[in-house]
Amino acid sequence: MIKENVEAVREHIRDAALRSGREPGEITLIAVSKTKPLSDLMAAYEVGCRDFGENRVQEILEKAPHMPEDAHFHMIGHLQRNKVKQAIRYVKMIHSVDSWPLAQQIESEAAKEGRAIDILLEVNVAGEKSKYGFTPTQTLPAVREISRFTHLCIRGLMTVAPLVDDPEKNRGVFRELKKLSVDIRNQIVDNVSMDVLSMGMTGDYMVAIEEGATMVRVGTGIFGAR
Ligand SMILES: *Cc1c(COP(=O)(O)O)cnc(C)c1O
(Lines give C-alpha, C1' and ligand atoms only; values in the text may rest on other atoms or scores of the structure.)
Protein backbone atom coordinates (compact mmCIF):
# COMPACT_ATOMS: atom_id res chain seq x y z
CA MET A 1 0.00 0.00 0.00
CA ILE A 2 2.81 2.43 0.89
CA LYS A 3 4.41 1.76 -2.48
CA GLU A 4 1.22 2.60 -4.38
CA ASN A 5 0.64 5.67 -2.22
CA VAL A 6 4.13 7.02 -2.85
CA GLU A 7 3.72 6.46 -6.58
CA ALA A 8 0.36 8.26 -6.60
CA VAL A 9 1.72 11.20 -4.61
CA ARG A 10 4.69 11.49 -6.99
CA GLU A 11 2.34 11.55 -9.94
CA HIS A 12 0.27 14.30 -8.33
CA ILE A 13 3.45 16.26 -7.64
CA ARG A 14 4.47 15.93 -11.27
CA ASP A 15 1.05 16.98 -12.54
CA ALA A 16 0.85 19.99 -10.24
CA ALA A 17 4.37 21.06 -11.23
CA LEU A 18 3.73 20.76 -14.95
CA ARG A 19 0.38 22.52 -14.62
CA SER A 20 2.15 25.53 -13.15
CA GLY A 21 5.11 25.50 -15.53
CA ARG A 22 7.60 24.09 -13.03
CA GLU A 23 10.11 21.25 -13.12
CA PRO A 24 8.87 18.28 -11.04
CA GLY A 25 12.49 17.77 -9.95
CA GLU A 26 12.44 21.08 -8.05
CA ILE A 27 10.07 19.56 -5.51
CA THR A 28 11.21 17.35 -2.64
CA LEU A 29 8.69 14.96 -1.15
CA ILE A 30 9.05 14.65 2.61
CA ALA A 31 7.41 11.50 3.89
CA VAL A 32 5.97 12.46 7.27
CA SER A 33 6.47 9.32 9.30
CA LYS A 34 5.53 10.51 12.80
CA THR A 35 3.93 7.76 14.92
CA LYS A 36 4.69 5.17 12.20
CA PRO A 37 6.92 2.14 12.77
CA LEU A 38 10.33 1.68 11.22
CA SER A 39 8.94 -0.97 8.87
CA ASP A 40 6.73 1.68 7.26
CA LEU A 41 9.69 4.01 6.83
CA MET A 42 11.66 1.19 5.21
CA ALA A 43 8.78 0.45 2.83
CA ALA A 44 8.87 4.09 1.71
CA TYR A 45 12.66 4.00 1.53
CA GLU A 46 12.49 1.00 -0.76
CA VAL A 47 10.42 2.95 -3.27
CA GLY A 48 12.88 5.81 -3.22
CA CYS A 49 11.88 8.07 -0.32
CA ARG A 50 14.98 9.55 1.29
CA ASP A 51 13.50 12.43 3.27
CA PHE A 52 11.42 11.77 6.38
CA GLY A 53 9.56 14.27 8.54
CA GLU A 54 9.10 13.86 12.28
CA ASN A 55 7.69 16.17 14.94
CA ARG A 56 9.20 14.64 18.08
CA VAL A 57 12.90 14.45 18.84
CA GLN A 58 12.43 11.22 20.76
CA GLU A 59 11.05 9.49 17.66
CA ILE A 60 13.93 10.72 15.54
CA LEU A 61 16.39 9.32 18.08
CA GLU A 62 14.60 5.97 17.99
CA LYS A 63 14.37 5.70 14.22
CA ALA A 64 17.31 7.47 12.61
CA PRO A 65 20.08 5.13 13.82
CA HIS A 66 18.24 2.17 12.27
CA MET A 67 17.73 3.68 8.83
CA PRO A 68 20.21 3.49 5.94
CA GLU A 69 22.75 6.32 5.94
CA ASP A 70 21.23 8.12 2.98
CA ALA A 71 17.85 8.52 4.69
CA HIS A 72 17.49 12.05 6.04
CA PHE A 73 15.31 13.36 8.83
CA HIS A 74 13.56 16.72 8.92
CA MET A 75 12.32 18.20 12.17
CA ILE A 76 8.92 19.68 11.33
CA GLY A 77 7.32 20.09 14.78
CA HIS A 78 7.76 22.59 17.58
CA LEU A 79 11.23 22.08 19.03
CA GLN A 80 11.94 22.65 22.70
CA ARG A 81 15.23 24.28 23.50
CA ASN A 82 16.30 21.48 25.82
CA LYS A 83 15.96 18.97 22.95
CA VAL A 84 18.12 20.84 20.45
CA LYS A 85 21.38 19.16 21.37
CA GLN A 86 19.95 15.70 20.66
CA ALA A 87 17.99 16.80 17.61
CA ILE A 88 20.88 18.23 15.65
CA ARG A 89 22.81 14.99 15.74
CA TYR A 90 20.32 13.38 13.39
CA VAL A 91 18.46 16.02 11.45
CA LYS A 92 19.24 17.35 8.02
CA MET A 93 17.04 20.41 8.36
CA ILE A 94 14.91 22.05 11.04
CA HIS A 95 11.75 23.44 9.41
CA SER A 96 10.19 24.76 12.59
CA VAL A 97 12.43 27.55 13.88
CA ASP A 98 9.74 29.71 15.45
CA SER A 99 11.57 32.02 17.86
CA TRP A 100 14.80 33.86 18.33
CA PRO A 101 15.70 31.97 21.56
CA LEU A 102 15.32 28.67 19.70
CA ALA A 103 17.58 29.91 16.90
CA GLN A 104 20.10 31.00 19.51
CA GLN A 105 20.04 27.56 21.13
CA ILE A 106 20.56 25.80 17.79
CA GLU A 107 23.45 28.17 17.04
CA SER A 108 25.05 27.41 20.38
CA GLU A 109 24.77 23.62 20.04
CA ALA A 110 25.84 23.66 16.39
CA ALA A 111 28.89 25.73 17.30
CA LYS A 112 29.89 23.14 19.93
CA GLU A 113 29.65 20.42 17.30
CA GLY A 114 31.49 22.55 14.76
CA ARG A 115 28.67 22.16 12.23
CA ALA A 116 26.35 24.38 10.23
CA ILE A 117 22.64 23.53 10.36
CA ASP A 118 20.11 24.25 7.62
CA ILE A 119 16.98 25.85 9.01
CA LEU A 120 13.69 27.29 7.84
CA LEU A 121 11.77 29.95 9.70
CA GLU A 122 8.21 28.95 10.48
CA VAL A 123 5.66 31.60 9.60
CA ASN A 124 2.13 31.65 11.01
CA VAL A 125 0.65 33.13 7.85
CA ALA A 126 -2.99 32.71 8.80
CA GLY A 127 -2.41 34.09 12.31
CA GLU A 128 -3.97 31.10 14.06
CA LYS A 129 -3.65 31.34 17.84
CA SER A 130 -3.00 27.61 18.14
CA LYS A 131 0.03 27.70 15.82
CA TYR A 132 3.67 28.52 16.34
CA GLY A 133 5.71 30.77 14.11
CA PHE A 134 6.64 34.32 13.29
CA THR A 135 3.98 36.65 11.96
CA PRO A 136 4.62 37.76 8.38
CA THR A 137 5.74 41.20 9.57
CA GLN A 138 8.16 39.73 12.12
CA THR A 139 9.79 37.50 9.54
CA LEU A 140 12.20 39.83 7.73
CA PRO A 141 13.52 41.33 11.00
CA ALA A 142 13.91 37.77 12.34
CA VAL A 143 15.81 36.72 9.21
CA ARG A 144 18.17 39.66 9.68
CA GLU A 145 18.82 38.82 13.34
CA ILE A 146 19.17 35.09 12.87
CA SER A 147 21.38 35.45 9.80
CA ARG A 148 24.14 36.77 12.08
CA PHE A 149 24.50 33.31 13.59
CA THR A 150 27.41 31.73 11.78
CA HIS A 151 26.38 28.10 12.35
CA LEU A 152 22.88 28.50 10.95
CA CYS A 153 22.02 28.66 7.30
CA ILE A 154 18.54 30.07 6.67
CA ARG A 155 17.39 28.19 3.60
CA GLY A 156 13.84 29.51 3.45
CA LEU A 157 10.41 29.53 5.04
CA MET A 158 7.86 27.00 6.23
CA THR A 159 4.19 27.23 7.11
CA VAL A 160 1.52 24.94 8.46
CA ALA A 161 -1.67 26.06 6.76
CA PRO A 162 -5.07 25.81 8.45
CA LEU A 163 -6.98 22.55 8.35
CA VAL A 164 -9.60 23.09 5.65
CA ASP A 165 -12.12 20.98 3.77
CA ASP A 166 -11.26 22.55 0.41
CA PRO A 167 -7.55 23.03 -0.43
CA GLU A 168 -8.39 26.09 -2.52
CA LYS A 169 -9.05 27.87 0.79
CA ASN A 170 -5.31 27.69 1.53
CA ARG A 171 -4.14 29.05 -1.82
CA GLY A 172 -3.93 32.58 -0.42
CA VAL A 173 -1.80 31.36 2.53
CA PHE A 174 0.67 29.66 0.18
CA ARG A 175 0.77 32.65 -2.13
CA GLU A 176 1.53 34.94 0.80
CA LEU A 177 4.41 32.75 2.01
CA LYS A 178 5.86 32.72 -1.50
CA LYS A 179 5.58 36.48 -1.75
CA LEU A 180 7.25 36.89 1.63
CA SER A 181 10.16 34.71 0.53
CA VAL A 182 10.60 36.71 -2.68
CA ASP A 183 10.48 39.99 -0.72
CA ILE A 184 13.13 38.67 1.67
CA ARG A 185 15.29 37.37 -1.16
CA ASN A 186 15.18 40.83 -2.74
CA GLN A 187 16.73 42.24 0.43
CA ILE A 188 19.84 40.10 -0.08
CA VAL A 189 20.77 39.23 3.47
CA ASP A 190 24.18 37.52 3.78
CA ASN A 191 24.10 33.86 4.74
CA VAL A 192 20.43 33.52 3.64
CA SER A 193 19.46 31.71 0.46
CA MET A 194 15.62 31.60 0.55
CA ASP A 195 15.51 28.81 -2.01
CA VAL A 196 13.27 26.50 0.06
CA LEU A 197 9.54 26.86 0.65
CA SER A 198 8.16 24.06 2.82
CA MET A 199 4.39 24.13 2.49
CA GLY A 200 1.54 21.76 1.71
CA MET A 201 0.37 18.56 3.43
CA THR A 202 -1.80 15.64 2.33
CA GLY A 203 -4.92 17.77 1.90
CA ASP A 204 -3.39 20.64 -0.01
CA TYR A 205 0.09 19.88 -1.39
CA MET A 206 -0.99 20.20 -5.02
CA VAL A 207 -2.21 23.75 -4.46
CA ALA A 208 1.00 24.48 -2.51
CA ILE A 209 3.09 23.32 -5.48
CA GLU A 210 1.10 25.50 -7.84
CA GLU A 211 1.99 28.40 -5.56
CA GLY A 212 5.69 27.60 -5.39
CA ALA A 213 6.36 24.92 -2.74
CA THR A 214 9.77 23.25 -3.06
CA MET A 215 9.15 20.82 -0.19
CA VAL A 216 5.82 19.17 0.53
CA ARG A 217 5.21 17.27 3.76
CA VAL A 218 2.92 14.32 3.18
CA GLY A 219 2.02 11.91 5.99
CA THR A 220 -1.47 10.46 5.71
CA GLY A 221 -1.29 10.33 1.92
CA ILE A 222 1.67 7.93 2.16
CA PHE A 223 1.34 6.03 5.42
CA GLY A 224 -2.43 6.19 5.99
CA ALA A 225 -4.30 7.59 8.98
CA ARG A 226 -2.46 8.03 12.27
C1 LIG B 1 1.78 15.78 10.59
C2 LIG B 1 2.34 16.91 9.82
C3 LIG B 1 2.34 16.90 8.41
C4 LIG B 1 1.67 15.80 7.59
O5 LIG B 1 0.30 15.86 7.71
P6 LIG B 1 -0.65 14.96 6.78
O7 LIG B 1 -1.93 15.70 6.74
O8 LIG B 1 -0.76 13.63 7.45
O9 LIG B 1 -0.01 14.87 5.44
C10 LIG B 1 2.93 17.95 7.76
N11 LIG B 1 3.50 18.98 8.42
C12 LIG B 1 3.53 19.03 9.77
C13 LIG B 1 4.20 20.17 10.44
C14 LIG B 1 2.95 18.00 10.51
O15 LIG B 1 3.00 18.06 11.85
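Which pocket is the space taken by the ligand? The ligand takes up the space of the largest pocket. Keep in mind as you look around that this is a predicted model.

Let's start with the pocket itself. The largest pocket has a volume of about 560 Å³. It is lined by 28 residues, and those closest to its centre are Lys 34, Val 160, Ala 161, Met 201 and Arg 217. Sort the lining of the largest pocket by class and you get 12 nonpolar, nine polar and seven charged residues.

Now zoom in on the ligand. The residues around the ligand include Val 32, Ile 76, Met 201, Thr 202, Val 218 and Arg 226. By class, this shell around the ligand is made up of five nonpolar, three polar and three charged residues.

Next, look for oxygen atoms on the ligand. One of them is 2.7 Å from a polar atom in the side chain of Lys 34. At Gly 219, a polar backbone atom lies 2.8 Å from an oxygen atom of the ligand. With Thr 220, an N or O atom of the side chain is 2.5 Å from a ligand oxygen. How much of the ligand does the protein bury? On its own the ligand exposes 390 Å², and the protein buries 88% of that.

Methods: Residues are numbered from 1 along each chain as its sequence is written. This is a predicted model: local features need pLDDT of at least 70, side-chain atom pairs count only at pLDDT 80 or more; totals for chains, interfaces and linings use all residues. Side-chain values use heavy atoms; hydrogens and water are left out. A residue is near a molecule or strand if one of its heavy atoms lies within 4 Å of it. A polar contact is a pair of N or O atoms within 3.5 Å; within protein, one must be able to donate a hydrogen and the other to accept it, and residues adjacent in sequence count only if both atoms are side-chain atoms. Accessible areas come from the Shrake-Rupley method with a 1.4 Å probe; for residues, only the protein chains shown count as cover. On a 1 Å grid over the protein atoms alone, a cavity is a set of points where a 1.4 Å probe fits but cannot get out, and a pocket is an open set with protein on both sides within 12 Å along at least five of seven lines; lining residues have an atom within 4 Å of a point. A molecule sits in a cavity or pocket if more than half of its atoms lie within 2 Å of its grid points. Ala, Val, Leu, Ile, Met, Phe, Trp, Tyr, Cys and Pro count as nonpolar, Asp, Glu, Lys and Arg as charged, and the others, Gly among them, as polar. Grid points are joined across faces, edges and corners, and a volume is the space filled by probe spheres set on the points.
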